[in-house]
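Please view the sequence and the model together while reading.

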Amino acid sequence: MTEQRTDERSTERSFGVGYAVAGVLLVVALGAATRFLEAQVPQWAESTPFAKVAKSIEFPVYAIALGLVGNAVLAKLALRDALSQGFRTEFFIKTGLVLLGASVNLKVLVTAAGPAIIQALLLISIVFGFTWWLGGKLGLEDKLRALLASAVSICGVSAAIAAAGAVQAKKEQLAYAASLVIAFALPSIFLLPWLADVFGLSDAVAGAWIGGNIDTTAAVAAAGALAGEEALQIATIVKTTQNALIGIVAIALTAYFALKVERRSAADARPSAHEFWDRFPKFVLGFIAASIIGTLYLQYASDGKAAIATVNDLRTWFLIFAFVSIGLEFSLRGLREAGWRPVAVFASATIVNIVVALGLAAVLFGTFTTG
(Lines give C-alpha, C1' and ligand atoms only; values in the text may rest on other atoms or scores of the structure.)
Protein backbone atom coordinates (compact mmCIF):
# COMPACT_ATOMS: atom_id res chain seq x y z
CA MET A 1 0.00 0.00 0.00
CA THR A 2 2.81 2.41 0.91
CA GLU A 3 4.66 1.60 -2.31
CA GLN A 4 1.46 2.16 -4.29
CA ARG A 5 0.94 5.61 -2.72
CA THR A 6 4.57 6.50 -3.40
CA ASP A 7 4.17 5.49 -7.04
CA GLU A 8 0.97 7.55 -7.30
CA ARG A 9 2.66 10.64 -5.84
CA SER A 10 5.62 10.15 -8.19
CA THR A 11 3.26 9.88 -11.15
CA GLU A 12 1.41 13.05 -10.07
CA ARG A 13 4.70 14.93 -9.78
CA SER A 14 5.76 13.71 -13.22
CA PHE A 15 2.47 14.88 -14.72
CA GLY A 16 2.85 18.22 -12.90
CA VAL A 17 6.35 18.76 -14.30
CA GLY A 18 5.17 17.69 -17.75
CA TYR A 19 2.29 20.17 -17.71
CA ALA A 20 4.57 22.95 -16.47
CA VAL A 21 7.05 22.28 -19.29
CA ALA A 22 4.19 22.16 -21.80
CA GLY A 23 2.93 25.49 -20.45
CA VAL A 24 6.34 27.12 -20.87
CA LEU A 25 6.67 25.71 -24.39
CA LEU A 26 3.26 27.14 -25.27
CA VAL A 27 4.33 30.58 -24.00
CA VAL A 28 7.55 30.38 -26.05
CA ALA A 29 5.64 29.29 -29.17
CA LEU A 30 3.15 32.15 -28.86
CA GLY A 31 6.06 34.50 -28.21
CA ALA A 32 7.69 33.37 -31.46
CA ALA A 33 4.35 33.89 -33.24
CA THR A 34 4.25 37.41 -31.78
CA ARG A 35 7.67 38.22 -33.21
CA PHE A 36 6.59 36.78 -36.58
CA LEU A 37 3.42 38.90 -36.69
CA GLU A 38 5.28 42.02 -35.59
CA ALA A 39 7.65 41.64 -38.54
CA GLN A 40 5.22 40.38 -41.19
CA VAL A 41 1.92 42.21 -40.66
CA PRO A 42 3.29 45.63 -41.81
CA GLN A 43 4.58 43.93 -44.99
CA TRP A 44 1.26 42.16 -45.58
CA ALA A 45 -0.64 45.43 -45.10
CA GLU A 46 1.65 47.47 -47.35
CA SER A 47 -0.21 49.35 -50.11
CA THR A 48 -3.53 48.78 -48.33
CA PRO A 49 -5.72 51.18 -46.29
CA PHE A 50 -4.47 49.41 -43.13
CA ALA A 51 -0.77 50.13 -43.74
CA LYS A 52 -0.46 52.92 -41.15
CA VAL A 53 -2.38 50.97 -38.54
CA ALA A 54 -0.28 47.85 -39.12
CA LYS A 55 2.96 49.80 -38.69
CA SER A 56 1.76 51.34 -35.42
CA ILE A 57 0.87 48.02 -33.76
CA GLU A 58 3.69 46.82 -31.52
CA PHE A 59 4.53 43.52 -29.88
CA PRO A 60 2.49 43.91 -26.64
CA VAL A 61 -0.73 44.01 -28.69
CA TYR A 62 0.08 40.80 -30.59
CA ALA A 63 1.37 39.06 -27.46
CA ILE A 64 -1.69 39.78 -25.34
CA ALA A 65 -4.08 39.01 -28.21
CA LEU A 66 -2.43 35.64 -28.88
CA GLY A 67 -2.46 34.92 -25.15
CA LEU A 68 -6.21 35.61 -24.95
CA VAL A 69 -6.84 33.37 -27.99
CA GLY A 70 -4.74 30.62 -26.42
CA ASN A 71 -6.65 31.13 -23.17
CA ALA A 72 -9.99 30.55 -24.92
CA VAL A 73 -8.74 27.46 -26.73
CA LEU A 74 -7.24 25.92 -23.59
CA ALA A 75 -10.44 26.63 -21.65
CA LYS A 76 -12.45 24.77 -24.30
CA LEU A 77 -10.04 21.82 -24.11
CA ALA A 78 -10.08 21.91 -20.27
CA LEU A 79 -6.27 22.27 -20.22
CA ARG A 80 -5.86 25.85 -19.01
CA ASP A 81 -5.57 25.11 -15.28
CA ALA A 82 -3.13 22.24 -15.82
CA LEU A 83 -0.82 24.23 -18.12
CA SER A 84 -1.04 27.40 -15.99
CA GLN A 85 2.01 26.22 -14.00
CA GLY A 86 4.09 27.25 -17.00
CA PHE A 87 2.58 30.74 -17.36
CA ARG A 88 5.32 32.38 -15.31
CA THR A 89 4.27 36.02 -15.73
CA GLU A 90 6.08 37.26 -12.63
CA PHE A 91 9.37 35.57 -13.55
CA PHE A 92 9.24 36.77 -17.16
CA ILE A 93 8.40 40.37 -16.33
CA LYS A 94 10.96 40.70 -13.54
CA THR A 95 13.70 39.24 -15.73
CA GLY A 96 12.69 41.56 -18.55
CA LEU A 97 12.74 44.60 -16.29
CA VAL A 98 16.16 43.76 -14.87
CA LEU A 99 17.43 43.54 -18.46
CA LEU A 100 15.68 46.85 -19.21
CA GLY A 101 17.84 48.43 -16.52
CA ALA A 102 20.90 47.88 -18.74
CA SER A 103 19.56 50.41 -21.27
CA VAL A 104 18.56 53.01 -18.65
CA ASN A 105 21.39 55.50 -18.23
CA LEU A 106 22.41 55.82 -14.60
CA LYS A 107 22.07 59.61 -14.85
CA VAL A 108 18.40 59.24 -15.84
CA LEU A 109 17.81 56.77 -13.02
CA VAL A 110 19.38 59.06 -10.41
CA THR A 111 17.68 62.25 -11.58
CA ALA A 112 14.27 60.56 -11.89
CA ALA A 113 14.51 58.88 -8.49
CA GLY A 114 13.68 62.03 -6.51
CA PRO A 115 10.39 62.93 -8.20
CA ALA A 116 9.53 59.21 -8.51
CA ILE A 117 9.84 58.73 -4.73
CA ILE A 118 7.71 61.82 -4.03
CA GLN A 119 5.09 60.67 -6.53
CA ALA A 120 5.05 57.13 -5.11
CA LEU A 121 4.62 58.27 -1.51
CA LEU A 122 1.83 60.75 -2.30
CA LEU A 123 0.05 58.48 -4.77
CA ILE A 124 0.12 55.40 -2.55
CA SER A 125 -1.07 57.38 0.47
CA ILE A 126 -3.97 59.04 -1.38
CA VAL A 127 -5.17 56.00 -3.37
CA PHE A 128 -4.70 53.50 -0.53
CA GLY A 129 -6.56 55.80 1.87
CA PHE A 130 -9.43 56.36 -0.56
CA THR A 131 -9.79 52.65 -1.34
CA TRP A 132 -9.71 51.68 2.34
CA TRP A 133 -12.33 54.34 3.16
CA LEU A 134 -14.69 53.43 0.30
CA GLY A 135 -14.34 49.72 1.03
CA GLY A 136 -15.42 50.41 4.60
CA LYS A 137 -18.38 52.47 3.43
CA LEU A 138 -19.54 49.62 1.18
CA GLY A 139 -19.11 47.07 3.96
CA LEU A 140 -16.18 45.06 2.60
CA GLU A 141 -14.36 42.79 5.03
CA ASP A 142 -11.12 44.34 6.33
CA LYS A 143 -8.82 41.76 4.76
CA LEU A 144 -10.35 42.23 1.31
CA ARG A 145 -10.12 46.01 1.78
CA ALA A 146 -6.41 45.64 2.51
CA LEU A 147 -5.84 43.53 -0.62
CA LEU A 148 -7.75 45.88 -2.92
CA ALA A 149 -6.14 49.01 -1.46
CA SER A 150 -2.64 47.54 -1.79
CA ALA A 151 -3.25 46.26 -5.32
CA VAL A 152 -4.67 49.47 -6.78
CA SER A 153 -2.25 51.84 -5.04
CA ILE A 154 1.08 50.00 -5.42
CA CYS A 155 1.64 47.32 -8.04
CA GLY A 156 -1.28 45.03 -8.59
CA VAL A 157 -1.03 41.30 -8.03
CA SER A 158 2.40 41.41 -6.35
CA ALA A 159 1.15 43.92 -3.80
CA ALA A 160 -2.03 41.91 -3.27
CA ILE A 161 0.04 38.78 -2.61
CA ALA A 162 2.24 40.64 -0.12
CA ALA A 163 -0.82 42.10 1.58
CA ALA A 164 -2.52 38.68 1.67
CA GLY A 165 0.45 37.27 3.54
CA ALA A 166 0.49 40.22 5.91
CA VAL A 167 -3.19 40.06 6.86
CA GLN A 168 -3.65 36.28 6.37
CA ALA A 169 -6.37 36.74 3.76
CA LYS A 170 -8.37 33.90 2.23
CA LYS A 171 -7.36 32.45 -1.13
CA GLU A 172 -10.72 33.49 -2.55
CA GLN A 173 -10.07 37.10 -1.56
CA LEU A 174 -6.67 37.04 -3.27
CA ALA A 175 -8.33 35.60 -6.39
CA TYR A 176 -10.86 38.46 -6.37
CA ALA A 177 -8.10 41.06 -6.12
CA ALA A 178 -5.94 39.43 -8.80
CA SER A 179 -8.87 39.15 -11.22
CA LEU A 180 -9.76 42.81 -10.74
CA VAL A 181 -6.16 43.89 -11.28
CA ILE A 182 -5.86 42.05 -14.60
CA ALA A 183 -9.34 43.09 -15.80
CA PHE A 184 -8.57 46.78 -15.28
CA ALA A 185 -4.93 46.61 -16.39
CA LEU A 186 -5.61 45.14 -19.84
CA PRO A 187 -7.60 48.09 -21.26
CA SER A 188 -5.22 50.54 -19.54
CA ILE A 189 -2.33 49.17 -21.61
CA PHE A 190 -3.91 50.67 -24.73
CA LEU A 191 -5.98 53.50 -23.24
CA LEU A 192 -3.27 55.43 -21.40
CA PRO A 193 -0.72 55.68 -24.27
CA TRP A 194 -3.55 56.84 -26.52
CA LEU A 195 -4.72 59.44 -23.97
CA ALA A 196 -1.12 60.59 -23.45
CA ASP A 197 -0.92 61.26 -27.17
CA VAL A 198 -4.32 62.99 -27.21
CA PHE A 199 -3.30 65.23 -24.27
CA GLY A 200 0.06 65.96 -25.90
CA LEU A 201 2.02 64.80 -22.85
CA SER A 202 5.81 64.77 -22.95
CA ASP A 203 7.55 61.38 -22.82
CA ALA A 204 8.53 61.93 -19.19
CA VAL A 205 5.03 62.93 -18.03
CA ALA A 206 3.43 60.11 -20.05
CA GLY A 207 5.85 57.59 -18.58
CA ALA A 208 5.33 58.85 -15.02
CA TRP A 209 1.55 58.74 -15.50
CA ILE A 210 1.65 55.20 -16.88
CA GLY A 211 4.07 53.98 -14.22
CA GLY A 212 2.10 55.55 -11.38
CA ASN A 213 -1.34 54.53 -12.56
CA ILE A 214 -1.34 51.05 -14.15
CA ASP A 215 -1.33 48.42 -11.43
CA THR A 216 0.75 45.54 -12.76
CA THR A 217 4.42 45.89 -13.63
CA ALA A 218 3.92 43.84 -16.79
CA ALA A 219 1.09 46.10 -17.98
CA VAL A 220 3.23 49.17 -17.24
CA ALA A 221 5.97 47.74 -19.44
CA ALA A 222 3.47 47.03 -22.21
CA ALA A 223 1.92 50.50 -22.09
CA GLY A 224 5.34 52.13 -21.81
CA ALA A 225 6.53 50.23 -24.88
CA LEU A 226 3.54 51.55 -26.82
CA ALA A 227 4.23 55.11 -25.64
CA GLY A 228 7.92 55.03 -26.66
CA GLU A 229 11.36 54.07 -25.35
CA GLU A 230 11.85 57.18 -23.19
CA ALA A 231 8.34 56.88 -21.74
CA LEU A 232 9.06 53.20 -21.01
CA GLN A 233 12.21 54.09 -19.07
CA ILE A 234 10.45 56.67 -16.88
CA ALA A 235 7.42 54.41 -16.41
CA THR A 236 9.69 51.60 -15.24
CA ILE A 237 11.60 53.83 -12.82
CA VAL A 238 8.34 55.13 -11.33
CA LYS A 239 6.84 51.64 -11.05
CA THR A 240 9.97 50.08 -9.55
CA THR A 241 10.00 52.90 -6.99
CA GLN A 242 6.45 51.99 -6.00
CA ASN A 243 7.40 48.30 -5.97
CA ALA A 244 10.16 49.09 -3.49
CA LEU A 245 7.49 50.25 -1.05
CA ILE A 246 5.69 46.88 -1.03
CA GLY A 247 7.70 45.74 1.99
CA ILE A 248 6.91 48.85 4.00
CA VAL A 249 3.17 48.62 3.29
CA ALA A 250 3.10 44.88 4.01
CA ILE A 251 4.83 45.35 7.37
CA ALA A 252 2.49 48.23 8.25
CA LEU A 253 -0.50 46.01 7.45
CA THR A 254 0.98 43.18 9.51
CA ALA A 255 1.34 45.45 12.51
CA TYR A 256 -2.11 47.04 12.05
CA PHE A 257 -3.97 43.75 11.77
CA ALA A 258 -2.03 42.21 14.62
CA LEU A 259 -2.51 45.15 17.00
CA LYS A 260 -5.91 46.48 15.91
CA VAL A 261 -8.00 44.13 13.82
CA GLU A 262 -7.03 40.77 15.33
CA ARG A 263 -6.30 42.23 18.81
CA ARG A 264 -3.16 40.21 19.47
CA SER A 265 -0.53 41.23 21.97
CA ALA A 266 2.08 43.78 20.89
CA ALA A 267 4.81 41.21 21.52
CA ASP A 268 3.47 39.00 18.73
CA ALA A 269 3.25 41.79 16.20
CA ARG A 270 6.74 43.22 15.86
CA PRO A 271 7.91 42.81 12.28
CA SER A 272 11.60 42.02 12.03
CA ALA A 273 14.21 43.20 9.54
CA HIS A 274 14.18 39.64 8.13
CA GLU A 275 10.43 39.93 7.40
CA PHE A 276 11.02 43.24 5.65
CA TRP A 277 13.73 41.68 3.48
CA ASP A 278 11.50 38.71 2.65
CA ARG A 279 8.77 41.04 1.39
CA PHE A 280 11.07 43.43 -0.47
CA PRO A 281 10.97 42.95 -4.29
CA LYS A 282 14.55 41.89 -5.07
CA PHE A 283 14.25 42.61 -8.81
CA VAL A 284 14.35 46.35 -7.97
CA LEU A 285 17.98 45.88 -6.90
CA GLY A 286 18.67 43.93 -10.10
CA PHE A 287 17.24 46.79 -12.17
CA ILE A 288 19.51 49.31 -10.44
CA ALA A 289 22.56 47.04 -10.75
CA ALA A 290 21.87 46.50 -14.47
CA SER A 291 21.63 50.26 -14.98
CA ILE A 292 25.01 50.81 -13.31
CA ILE A 293 26.67 47.99 -15.27
CA GLY A 294 25.11 49.09 -18.58
CA THR A 295 26.13 52.72 -18.09
CA LEU A 296 29.73 51.82 -17.25
CA TYR A 297 29.94 49.28 -20.08
CA LEU A 298 28.74 51.83 -22.63
CA GLN A 299 31.28 54.32 -21.38
CA TYR A 300 34.36 52.10 -21.35
CA ALA A 301 33.79 49.13 -23.72
CA SER A 302 34.39 49.43 -27.46
CA ASP A 303 31.49 47.08 -28.27
CA GLY A 304 29.17 48.64 -25.69
CA LYS A 305 26.35 49.58 -28.05
CA ALA A 306 26.28 46.14 -29.70
CA ALA A 307 26.19 44.42 -26.31
CA ILE A 308 23.35 46.62 -25.05
CA ALA A 309 21.45 45.98 -28.30
CA THR A 310 21.71 42.23 -27.65
CA VAL A 311 20.50 42.71 -24.07
CA ASN A 312 17.59 44.83 -25.33
CA ASP A 313 16.57 42.10 -27.78
CA LEU A 314 16.66 39.53 -24.97
CA ARG A 315 14.62 41.92 -22.81
CA THR A 316 12.00 42.14 -25.56
CA TRP A 317 11.68 38.35 -25.65
CA PHE A 318 11.08 38.15 -21.88
CA LEU A 319 8.52 40.98 -22.02
CA ILE A 320 6.73 39.21 -24.87
CA PHE A 321 6.58 36.01 -22.80
CA ALA A 322 5.16 38.05 -19.90
CA PHE A 323 2.45 39.65 -22.05
CA VAL A 324 1.52 36.28 -23.57
CA SER A 325 1.21 34.89 -20.03
CA ILE A 326 -1.06 37.77 -19.02
CA GLY A 327 -3.45 36.81 -21.79
CA LEU A 328 -3.25 33.12 -20.91
CA GLU A 329 -3.91 33.76 -17.21
CA PHE A 330 -6.85 36.13 -17.59
CA SER A 331 -10.07 34.82 -16.06
CA LEU A 332 -13.53 36.31 -15.59
CA ARG A 333 -14.48 33.65 -13.05
CA GLY A 334 -12.99 35.57 -10.13
CA LEU A 335 -14.86 38.72 -11.13
CA ARG A 336 -18.19 36.91 -11.33
CA GLU A 337 -17.64 35.43 -7.88
CA ALA A 338 -16.63 38.74 -6.30
CA GLY A 339 -19.97 40.49 -6.68
CA TRP A 340 -20.49 44.17 -7.42
CA ARG A 341 -19.05 45.83 -4.30
CA PRO A 342 -15.35 44.94 -4.78
CA VAL A 343 -15.69 45.87 -8.46
CA ALA A 344 -17.23 49.23 -7.54
CA VAL A 345 -14.47 49.94 -5.02
CA PHE A 346 -11.70 48.99 -7.45
CA ALA A 347 -13.24 50.93 -10.34
CA SER A 348 -13.67 54.06 -8.22
CA ALA A 349 -10.12 53.79 -6.88
CA THR A 350 -8.80 53.34 -10.43
CA ILE A 351 -10.47 56.59 -11.51
CA VAL A 352 -8.98 58.42 -8.52
CA ASN A 353 -5.60 56.87 -9.33
CA ILE A 354 -5.79 58.04 -12.98
CA VAL A 355 -6.60 61.63 -12.00
CA VAL A 356 -4.14 61.95 -9.10
CA ALA A 357 -1.32 60.21 -10.99
CA LEU A 358 -1.77 62.55 -13.97
CA GLY A 359 -1.65 65.61 -11.73
CA LEU A 360 1.45 64.43 -9.87
CA ALA A 361 3.19 63.40 -13.09
CA ALA A 362 2.53 66.81 -14.66
CA VAL A 363 3.85 68.66 -11.59
CA LEU A 364 6.86 66.45 -10.82
CA PHE A 365 7.94 65.49 -14.35
CA GLY A 366 6.70 68.48 -16.37
CA THR A 367 10.19 69.87 -16.89
CA PHE A 368 12.06 66.55 -16.76
CA THR A 369 14.23 65.57 -19.71
CA THR A 370 15.95 62.24 -20.36
CA GLY A 371 18.76 63.81 -22.41
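## A buried glutamine

Glutamine 233 is found in helix 12, helices being DSSP runs (H or I, at least four residues) numbered from the N terminus. With a relative accessibility of 10%, glutamine 233 counts as buried (buried is under 20% relative accessible area, exposed over 50%, partly exposed in between, with a 1.4 Å probe and protein chains only). Apart from neighbours within four places in sequence, glutamine 233 is in contact (heavy atoms within 4.5 Å) with Ser103, Val104 and Val108.

## Basis of the model

This is a predicted model, in which local features need pLDDT of at least 70 and side-chain atom pairs count only at pLDDT 80 or more, while totals for chains, interfaces and linings use all residues. Residues are numbered from 1 along each chain as its sequence is written, and side-chain values use heavy atoms, with hydrogens and water left out.

## Salt bridges

A salt bridge here is a side-chain nitrogen of Lys or Arg within 4 Å of a carboxyl oxygen of Asp or Glu, and by this rule the count comes to 5. Arg35, Glu38 and Asp313 are linked in a network of such bridges: glutamate 38 pairs with arginine 35 at 3.7 Å between the closest N and O atoms, and aspartate 313 meets arginine 35 at 3.2 Å, N to O. The latter pair links distant parts of the chain, with aspartate 313 in helix 16 (residues 304-329) and arginine 35 in helix 1, 278 residues apart.

Arginine 145 forms a salt bridge with aspartate 142, their closest N and O atoms being 2.6 Å apart. Arginine 145 is buried at 11% relative accessible area, whereas aspartate 142 is partly exposed at 24%.

Terms used. Helix = DSSP H or I, 4+ residues; strand = E, 2+ residues; numbered from the N terminus.
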